[in-house]
Amino acid sequence: MYTDKHGNTWFKGNLHMHTTDSDGAMSPEDAIALYRENGYDFVAVTDHRQFCPPRDAEGILVLSGGEYNTGITPAEGLVHIVGVGMTADPKGSTEDSTQVLIDKVHRAGGIAIWAHPAWSLNAPDFIEKYEGIDATEIYNSVSGFPRNVRPDSSLITDMLAMRGKPLKLAAADDTHFYECETCKSYIWVKAENCTREAILDAIRAGDFYASQGPRIEAFHEGDTITVETTPAASIAFFSDTVWVEDRVHIEDGITKAVYTIGEKDTFVRAEVIDADGNKAWTQYFSV
Ligand SMILES: [Zn+2]
Ligand SMILES: [Zn+2]
């Protein structure tokens, strides 16, 4: 948890992790303790094709979760939907369509996160058919090295934003091996307290950002987007104008950059990278 200069409190969480209840290498109890010891305020255990109920744990909020999938190959529509915060078993099944899975998560009181679209090779025109996606993973730690190659889904989410469907951006570890993917990518959620209701409401409202280290703030004022960050190495702005002269700001210890919204821009977002290569991602601004 940290408090920003405005007095807002932010809580750190990982909403995607597997345990020995499916194909993860650590028991739920040990995995939760590991994240708590690493400064996390909340987690969701999201084992495959099952409802992982909320748990009482000392010093950390453990939300319910589950990861539900449809399809086997990208060509037939491989989709993984992570449900978080349900108050009852949504009873997701591999027989369900993607829309049915999303709707079941909502009916059970949870939020539906479209997991790792780049790993799943989900094209923008495929994703945009679905309603009710509360967030997607712009970065999924386990989808990167050393066991995978597509952790970063930003090209897919930018193409969705260009088509008028900007999704809220989360990051998560999708912890399986409890090796270097662990405690790498997470979200900071702005909420008054760390309860299920407050965290879910804040995520639905988009009051969160994805990070691997930098703490950021971004705001839209007039025709500019401003990003402020803990000292970093670069701040870069993404939009749907292909050439922008001052899109990238590189400077040792940079803490602020301003983007002037272009005439043809329909969306803007930003990525911050620190000296160690850790990123943070703002949400999309529709402009
Ligand atoms: Zn998955
Ligand atoms: Zn997973």
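These questions and answers walk through a predicted model.

Student: How many residues does domain 2 bring to its contact with domain 1?
Tutor: The domain assignment gives domain 1 as 2–211 and domain 2 as 216–286. Their C-alpha centres lie 24 Å apart. Domain 1 puts 13 residues into the contact, and domain 2 puts in 12.

Student: Which elements each supply at least two residues of the side of domain 1 that touches domain 2?
Tutor: That side divides into eight nonpolar, two polar and three charged residues. Three elements each supply at least two of its residues: helix H4 (154–162), strand S9 (169–172) and strand S11 (208–211).

Student: Why do the buried residues of H4 sit on the same side of the helix?
Tutor: Ile156, Thr157, Leu160 and Ala161 are buried in H4. They share a side because they cover an arc of only 140° around the axis.

Student: What do the buried residues of H4 pack against?
Tutor: Gly164, with a positive phi near 85°, follows H4. The buried residues of H4 pack against helix H3 (124–127), strand S8 (135–140), S9 and strand S15 (267–273).

Student: Where does the largest nonpolar core lie?
Tutor: This core has 75 residues, and Ile81, Ile113, Ile187 and Ala210 touch the most other members. Strand S13 (residues 224–239) gives the most, with six residues. Both domains give residues to the core, so it lies between domain 1 and domain 2.

Student: Which residues does Ala210 contact, leaving aside neighbours within four places in sequence?
Tutor: Ala210 is one of the core residues that touch the most other members. Beyond those neighbours, its contacts are Ile138, Tyr139, Leu169, Ala170, Ala171, Ser185, Ile187, Ala280 and Trp281.

Methods. Residues are numbered from 1 along each chain as its sequence is written. Chains are lettered from A and ligands numbered from 1 in the order in which they are written. This is a predicted model: local features need pLDDT of at least 70, side-chain atom pairs count only at pLDDT 80 or more; totals for chains, interfaces and linings use all residues. Domain bounds come from an automatic or database domain assignment. Two residues are in contact if their C-beta atoms, placed from the backbone, lie within 7 Å. Helices (H or I, at least four residues) and strands (E, at least two) are DSSP runs, numbered from the N terminus. Ala, Val, Leu, Ile, Met, Phe, Trp, Tyr, Cys and Pro count as nonpolar, Asp, Glu, Lys and Arg as charged, and the others, Gly among them, as polar. A residue is buried if 20 or more other C-beta atoms lie within 10 Å of its own, exposed if 12 or fewer, and partly exposed in between; C-beta atoms are placed from the backbone. The arc is that of the directions from the helix axis to the C-beta atoms. A nonpolar core is a set of buried Ala, Val, Leu, Ile, Met, Phe, Trp, Tyr and Cys residues joined through C-beta atoms within 7 Å.
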